[in-house]
Each structure stands twice: as structure tokens, then as C-alpha cells.
Amino acid sequence: MSVPLTLLGLLEREPSHGYDLKRDYDTYFGRGKQLPFGQVYSTLGRLARDGKVVGGEAEPGEGPDRKRYSITDAGRAEVDAWLADPVEPEPHLQTILFAKVTLALMLGKPAAAYLDKQRAAHIRRMQELIELRRNGGLVDMLLADHALFHLEADLRWIDLTSARLAELAAVVNQGER
Amino acid sequence: MNSPVVTRPFLIEARDVAKSFGQTPALRGASVAVSPGEILAIMGPSGSGKSTLLHCLAGIFTPDRGEVWFDGQRLDTLDEAERTRLRRTAFGFVFQFGQLVPELTAADNVALPLLLNRVRRRAAYKTAEAWLDRLGIPDKAANRTGELSGGEAQRVAVARALAMAPRVIFADEPTGSLDSLTGEKVMDLLTGLAREAGTTVVLVTHDARVAAYADRVVMVRDGMVSVDLGAISEQVSAAKAVK
């Protein structure tokens, strides 16, 4: 899971404080592993240094940092490029795929098109593995089978998620402020 | 045949095809084209219209709207007798449950379309046995197909489809009733032998692993060909190459 890109995606939705970003990250992407405050602020610092976000004036109040951060055009371009680029088809992608789909829906971007791209990348990898199965020995065949079954599981998830995009959009956008 | 002959780069093509069953639309303007020798997989969820599209391409269903072309001629405007002749001589079929005659032997089933096309009996059975041999089941030639396992029966169905040396094989969920290992073997044989013979294959499946045996994959959703995954895949490769 790419924390910087996920935070950038959340910032594209609306300018936010570090606290709000942590809360939304934990709600949608944490799944039992919360993002430490320190990591949120250090990531925001690096994103600001690289010109992908800008921090506003510090606001009065408690806590280590009361700046409201906004995404820049460079940050937006980075989120767009990340969402549009299919993930290298390898086993155990669900978390990153889920993050991409959820963010795409939050941002009103074409989640179905991203899933189609991912499906194409997966099928292309399957074609390579089937070729390997056809021409390789038993060991190659068994290793290819292992990868194929994982890719198959991803694809089932992609199919199911494609069919439920409207429902998921309603869930992730219901808390829209 | 009265249709004008038009030279097209595609062997088979559906253009804006619509088909309804009663009040229920199955296809709402589907277009797809298949090149000679290409293996195309049509994927889609249940009820998306993928099987209806295959049946329209094969001349089994007549579309309500749109055109179907095969080898430079309109298929959808041919009369039933002409389409039947074409299906018998130029097309081979593999369905989910084989659609074999269970009371006949494997060799009888494979020889049957040859006999219907007036191939002499001895030559038909010789061809049938040669194909059963290539599909790895020469010892099953004399068995009734009703007594064969699912995988063996599906190999007989593939042999029957290939025995006529068809221009196109239409396969509708060809591994749908098989376990994954047996399904792999059937797909290896079907696509391997079709490639060897230069036969075009149009394959309908909901299974990505089966679709991955094809050269190109398209998705059907809500009665339309919504995505050409082959084209997307090429874009993905090009984008990666640039990086």
C-alpha cells in the first residue's frame, strides 16, 4: 500500500488536516493497522517538499500540527497517473486494488475503466504463464499454476467489484462533507 | 448465394447486432470482428449476451438488427438452408456439455458430420480415429460417449469439431462442466490443434483462465461489446515500454 499516494488521493477530495487524513485512512484503508500520526506528518512534509501539497498557515489549537494541506497540480497529476497505471499482476494485490478503486470512486474518476485495465494486465500475465506451462517442465508448470490460481482469485474479485461499483460508490461517498 | 461478395480483412464480423427474446433484449448493438486464424475469447458476466453473440456469429440466431458477415458475405440474410449448409461445412461447434449422441460410440460421433457431408464411410471413420488419436483417446473410439468421463467426452466433441477441417470453431463454455486440470487439457488441445490448422476460434467463457488461451479477449456487458482487453493490453505494454 502506498501511503503517500493514498494521502494525496484523500487530499484531492478536499484540503484536510493531518488528523482528518489519518482518520479517513484508518477508516477506509487501515483495516486493523492504523497509520501513526508521526508517519502522517512526515509523509505530508515530504509531499510538501516535493511540491505535491502545500500547507496553509498554522491554525490555533492543540496538537502537533494544525495546518490544512491542499493538493497541488503536480500532486493531482501524480494521483491520476497512479490510478490509471495497472498494478503489476502479482499475488496478494487486493489491498492496493481496493485502495485504487475506493479513491477513484471518492474522486468521481472512472473506476470501471481502471478495473478493465487491471483485468487486461492480469489476462496478459495469464497468457504468459500459460505459455510457460505449455513449454516448461513439471516444476515450471506447478509454479505457473500457483501464480495462475492467485491471479484467478484477483480476477474474481475484480469481476465482483465491477458488478458492485455503484453500491461501493454509495458507501464511500455517504460521509461526504 | 445472392449476397454481394465484399472483400474484408476479417473472416467473421458482427456489426451493431441487436437480438431480443420476447421483451428481453440480449444484444443491444454488439460489434466484434475476428481475423482469419485468430482465437478470440468473449467474456462477460451471466446474462451479458455473450452466448447470444456467439450464436448470431455462427448463424444459429438471426439478429433483429445489424449485420453478420462471414468470409465476405452476409450471413444473416442467407436463407435457413444456406446457413445450415454453412454451419455443416465451414463451422465446428464445441458446447459445454459436448452435445454428443450418447448411444453412439466416440468414433460414430466424430464420423457423423463427415458422413452427413457425404464422405465415404471408410474414409470418415479413418479420419475420426486419427482425430481421436491426436486428442489422446484412441482407446475410447469404440466406447459409447454416454459411458465416457466429462473430459473424455469433451475431447470427442473437440475431435468432432476439428474433423471437418472447419474455417471457424465456435466454443460456448467448452470447459464449463470440467474440473480445472481436465479443462486445461481440453483448452491446450483445442487451441493447440486449431493454431496448427490455422482455424479461427470464437470462444465464449466466464473464466479468465480459459480466456487467457485466446489471442484476444473482449468483454460483453449489457448486450454490447464494451471493452477490447487485447487493445487495452497493448496500451499497457506500450506505456510500460515508454517508462
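Trainee: Before we start, what makes a residue count as buried here?
Mentor: A residue is buried if 20 or more other C-beta atoms lie within 10 Å of its own, and exposed if 12 or fewer do. Keep in mind that this is a predicted model.

Trainee: What is chain A built from?
Mentor: Chain A has 8 helices and 3 strands. Read from the N terminus, its elements go α-β-α-α-β-β-α-α-α-α-α. Its C-alpha trace spans about 65 × 30 × 30 Å along the principal axes.

Trainee: How is chain A divided into domains?
Mentor: There is domain 1, covering 1-84, and domain 2, covering 87-177. The centres of these two domains of chain A, taken over C-alpha atoms, are 26 Å apart.

Trainee: Staying in chain A, where does Gly51(A) lie?
Mentor: Gly51(A) is in the loop between helix H3 (37-49) and strand E2 (53-55) of chain A.

Trainee: Is Gly51(A) buried or exposed?
Mentor: Gly51(A) is exposed, because 11 other C-beta atoms lie within 10 Å and the cut-off for exposed is 12 or fewer.

Trainee: Let's switch to the two chains together. How many residues of chain A are in contact with chain B?
Mentor: 18 residues of chain A are in contact with 13 residues of chain B. On the chain A side, helix H6 (111-135) and helix H7 (138-163) each supply at least two residues.

Trainee: Which of the helices has the largest share of the chain A side?
Mentor: H6(A) does, with 12 residues. By class, the side of chain A that touches chain B has 9 nonpolar, 2 polar and 7 charged residues.

Trainee: What scores does the predictor give the complex?
Mentor: The complex gets an ipTM of 0.74 and a pTM of 0.77. For chain B the mean pLDDT is 88, and 91% of its residues reach 70 or more.

Trainee: Now chain B. How many helices and strands does it have?
Mentor: Chain B comes to 8 helices and 10 strands. Its C-alpha atoms fill a box of roughly 50 × 50 × 35 Å along the principal axes.

Trainee: What radius of gyration does chain B have, against a compact globule?
Mentor: With 243 residues, a compact globule would be near 18 Å, and chain B has 18 Å, which agrees.

Trainee: I'm looking at helix H5 of chain B. How many of its residues are buried?
Mentor: 12 of the 14 residues of H5(B) are buried, so H5(B) is largely enclosed by the rest of the structure. Among the buried ones are Glu152(B), Arg155(B), Val158(B) and Leu162(B).

Trainee: What covers them?
Mentor: The cover for the buried residues of H5(B) includes strand E6 (91-94), helix H3 (106-116), helix H4 (121-134), strand E7 (168-172) and helix H6 (180-197) of chain B.

Trainee: What span should H5(B) have?
Mentor: At 1.5 Å a residue, the 14 residues of H5 (residues 150-163) of chain B should span 20 Å, and the end C-alpha atoms are 20 Å apart, which agrees. Just after H5(B), Ala165(B) takes a positive phi of about 50°.

Trainee: Last one: which residues does Pro102(B) touch?
Mentor: Not counting residues up to four places away in sequence, Pro102(B) touches Arg144(B), Thr145(B) and Gly146(B). Pro102(B) lies in the loop between E6 and H3 of chain B.

Conventions. Residues numbered from 1 in each chain as written. Chains lettered and ligands numbered in written order. Predicted model: local features only at pLDDT ≥ 70, side-chain atom pairs only at ≥ 80, totals over all residues. Helix = DSSP H or I, 4+ residues; strand = E, 2+ residues; numbered from the N terminus. Expected span 1.5 Å × (residues − 1). Contact = placed C-beta atoms within 7 Å. Domains from an automatic or database assignment. Nonpolar A, V, L, I, M, F, W, Y, C, P; charged D, E, K, R; others polar. Rg over C-alpha atoms; globule rule 2.2 N^0.38 Å. pLDDT = per-residue confidence, 0-100.
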